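The sequence and structure are shown first.

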Amino acid sequence: MKNLLKLLSPFAPDQSGAVGVLYELGGLVVICDAGGCAGNICGFDEPRWFTKKSAVFSAGLRDMDAILGRDDKLIEKTARAVGQVDVKFTAVVGTPVPAVIATDYRALKRMAENKTSLPAMCVDCTGTRLYDDGEERAYLELFKTFAIEKYETVRGKVGIIGCTPLATGYMTEKIFKGYFGDDAVCFGMGSGIDEIKRASECEKNIVVSTGGIKAAEYMKQQFGIPYETAFPVTDAMENALGHDLDGKKILVVHQQFAANKMRKMLEDRFSCTVDVGTFFKLFDEYKRDGDVYIPDEEKLVEKVLDGGYDAVIIDNICNRALKEFTGELIDLAHFAVSGRLDENGGQVCLL
Amino acid sequence: MNNAFYITAQELAQKGFENTPEELLSAKHLIYSSPATLAFNSPGAQGFGVKRAGLAIPGSVMLLVSPGCCGRNTTMQSRLCGYQDRFFYLLLDDTDIVTGRHLTKIPEAVKEVYEFCDKKPSAVMICITCVDALLGTDMERVSRKCEELAGVPVVPCYMYALTREKKLPPMAAVRKAVYSLLEPQKRHSDSMNILGHFAPLNDDCEMYELLTKAGIKHIREISRCEDFEEYKKMSQANFNLVINSEARYAAQQMEETLGIPFIEMMRMYHIGKIHNQYMSLANAIGVEFDDGEHFEKTKKAINEFKDKYGELNFAIGEFLNADSFELAWALLTYGFSVSEIYGTVGERNFVFVKAIAKLSPETKIFSNLSPTMLDYEPSGKAIDVCIGNDAGYYHAGVPTVDWNEERQPFGYAGVRLLFEQLDRALKGEGK
């Protein structure tokens, strides 16, 4: 049955993606939920929660708040918290509850701005979509709200969009600066809201995950900043190259830009054929024939078994769905799939 | 830098429960789910939340019917707790959550899950979440349809975080759910159940000995039932002993449907109160308990600990197998200091706030969930030892006893185990 998972667990949802984008920017982030979503986001999808403090709170909604649409109460609570912690803006991130009751985010944004006198933004998430959708919405809203002034272009300054633990498996900007240069600024990772405001200084943007494309496109249209896609070489990718894959047909499953990088590395090292598969966004502009969007576990099994592959490079949490595959399964952790970080050697991030 | 909000025990006692400051009331402010609080504020991250608890019925599996976000942390549970073969997910899309059209798919999904399982499940638990709470889903009706189609008992579990402060919060509702498959049968005078937790009491708990000596031959806990047949014998009980108030509604249901009366006890750390509770229990079931040996042994253990370490100063959290305020009060009566408590003040435990105020008026009471805890910094009298993972989070580097194991401490044995663990922590053998 479509949407029935018997072997895999759900992947990181849009609300986690949105919070991941906003996490380090110094705002007050309100997850518009009853508590469970915030617990999932902070306890599982945001590994920085255990190493780096951030003002991410749950709205603590109760049934009557939702039924009666008590937005004023939410704004009251938000304003109170603004008076208690040092923050530069407020952001409301949606969940299934506001999705069901059709919360008016534009009204919420205005109410928050009026009540707190701080800039406000809302990210319309529903909990039914995937993390890169939430990242896409959050990045776009972020740049639209804060990157409004045109600054003089700084020669050599590169903006990196899409650096989140969910998409990349890294919690710090070190690997990105190491790969793209020390002058690179990773928006939302190791930099705050001021860098977003000055984003028009960048000579070029590099998008490392699919959630960043729309924002990069916006910056191109708004300020003429060109962008390209890329991904750094990671330890996990190097490890995958340790297998003998010469003459093999390989499927790489990850977010599209990480998978494309893996493909490039494989093709540089071996004489092989590589397809990319992804559970997440697949942009036509960056795909080749044979690349495929994988909507669920049934399609994953179908693609792997019917594709004639000798090896599949995929997060090993998916192995239990691929028991019938007789080829080689090579691990490539994806935090949004399994909660395993590259940065700590592929371990599950725990409390 | 702002300061974390706190109120002293004396100030709070003087104000009275009705005038509890809003900062201590989670419904009045945004909720900070700090690393200290995740496990209990968002059950499921650790320990038993609704999803894991719903699988307490031996041999059952769970179908979580929800947006993907609700099942996200189950990835970790599945991996770490050996539940990989017991969780299934029917993911809802945008249209489902607005129209409720997913309800028609559930019976087919249950059937597919049942057929997929090599070892046929004893029951399928259907877990639904906030979306269905708002849609007003009649899951009892849907479950009956599932039973007809799949030919397996189907039980709804309500993970309605939106109703956590209602009369039947999710963790109470799931306790009702897991006993709902019991059917009436002849009750046995030598059988009883202990209700309250999803893991058993520690084996050395004196409760077993006291009840056995009083003639009880079958003491059942759901977590000790090895299979569905054993589980079904729980309806033979002559009485239920409720040791966690969240199981009260389940006990009431069992009284109504199975005719099994119940008695309630509270987990306490004050040995005088433990004794009183045992005497009340003995009186209620018409037997005599001799707990003198356990009492003396425990008293001796406390005294030896105190002789060894002196008047230690404690910080007490709330992610632990205790009521924070009762535990703090017990420690104060034993002659220790408690300078900080991170806990949730309620009507039920306010009596301990008052008792603490008399013995230690300056004890600071914090709310773990207050946004101001983002800026908590230790201050005042140095903490010697923490009880609770959350207290340990605030006082990194201070010896800490997590005191949140799944196996449940209770009674005198629980008190002794706590002091053993404190001893180990202070010797540097713990955290």
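Two residues are in contact if their C-beta atoms, placed from the backbone, lie within 7 Å. The model under discussion is predicted.

**Interface between the chains**

By the contact criterion, 55 residues of chain A are in contact with 57 residues of chain B. The side of chain A that touches chain B draws at least two residues from each of several elements, among them β1 (4-5), α2 (36-45), β3 (56-58) and α4 (71-82) of chain A. The most is given by α2(A), with nine residues. Sorted by class, this side of chain A has 29 nonpolar, 18 polar and eight charged residues.

Strand pairing also crosses between the chains. Over two bridges, β1(A) pairs with strand β3 (residues 87-91) of chain B in the antiparallel sense. Within this pairing, A:L4 has B:L90 in β3(B) as its bridge partner.

**Strand pairing around β4 of chain A**

Within chain A, strand β4 (residues 90-93) has A:T90 and A:V92 pointing one way and A:A91 and A:V93 the other way, and all are buried. In a regular strand the side chains alternate between the two faces of the sheet. On one pairing, strand β2 (residues 28-31) of chain A runs parallel to β4(A) over four bridges; A:V29 has A:A91 as its bridge partner there. Four bridges also join β4(A) to strand β5 (residues 120-123) of chain A, again in parallel, and the partner of A:A91 in β5(A) is A:M121. The strand pairings described so far are collected below.

| Strand pair | Sense | Bridges | Bridge partners |
|---|---|---|---|
| β1(A) and β3(B) | antiparallel | two bridges | A:L4 and B:L90 |
| β2(A) and β4(A) | parallel | four bridges | A:V29 and A:A91 |
| β4(A) and β5(A) | parallel | four bridges | A:A91 and A:M121 |

**Fold and dimensions of chain B**

The secondary structure of chain B comprises 18 helices and 14 strands. Its C-alpha trace spans about 65 × 60 × 40 Å along the principal axes. The radius of gyration of chain B is 23 Å, which agrees with the value near 22 Å for a compact globule, because a chain of 431 residues would have that value in such a form. Of the 431 residues in chain B, 54% are buried. Among contacts in chain B between residues at least 6 apart in sequence, 72% join residues at least 24 apart.

The domain assignment divides chain B into domain 1 (6-30 + 292-426), domain 2 (45-166) and domain 3 (191-264). A distance of 36 Å separates the C-alpha centres of domain 1 and domain 2 of chain B.

B:D204 is found in the loop between β6 (191-195) and α10 (206-213) of chain B. Is this residue buried, exposed or partly exposed? B:D204 has 14 other C-beta atoms within 10 Å and is therefore partly exposed, since burial requires 20 or more and exposure 12 or fewer.

In soluble globular proteins, nonpolar side chains tend to be buried together. The largest nonpolar core here has 265 residues, and those with the most contacts inside it include A:I31, A:I160, B:L63 and B:V124. Helix α18 (residues 411-426) of chain B supplies the largest share of this core, eight residues. Beyond its neighbours within four places in sequence, B:V124 is in contact with residues including B:V61, B:L63, B:V110, B:C146 and B:V154.

Definitions and conventions: Residues numbered from 1 in each chain as written. Chains lettered and ligands numbered in written order. Predicted model: local features only at pLDDT ≥ 70, side-chain atom pairs only at ≥ 80, totals over all residues. Core = buried A, V, L, I, M, F, W, Y, C linked by C-beta atoms within 7 Å. Nonpolar A, V, L, I, M, F, W, Y, C, P; charged D, E, K, R; others polar. Pairing = 2+ DSSP bridges. Rg over C-alpha atoms; globule rule 2.2 N^0.38 Å. Domains from an automatic or database assignment.
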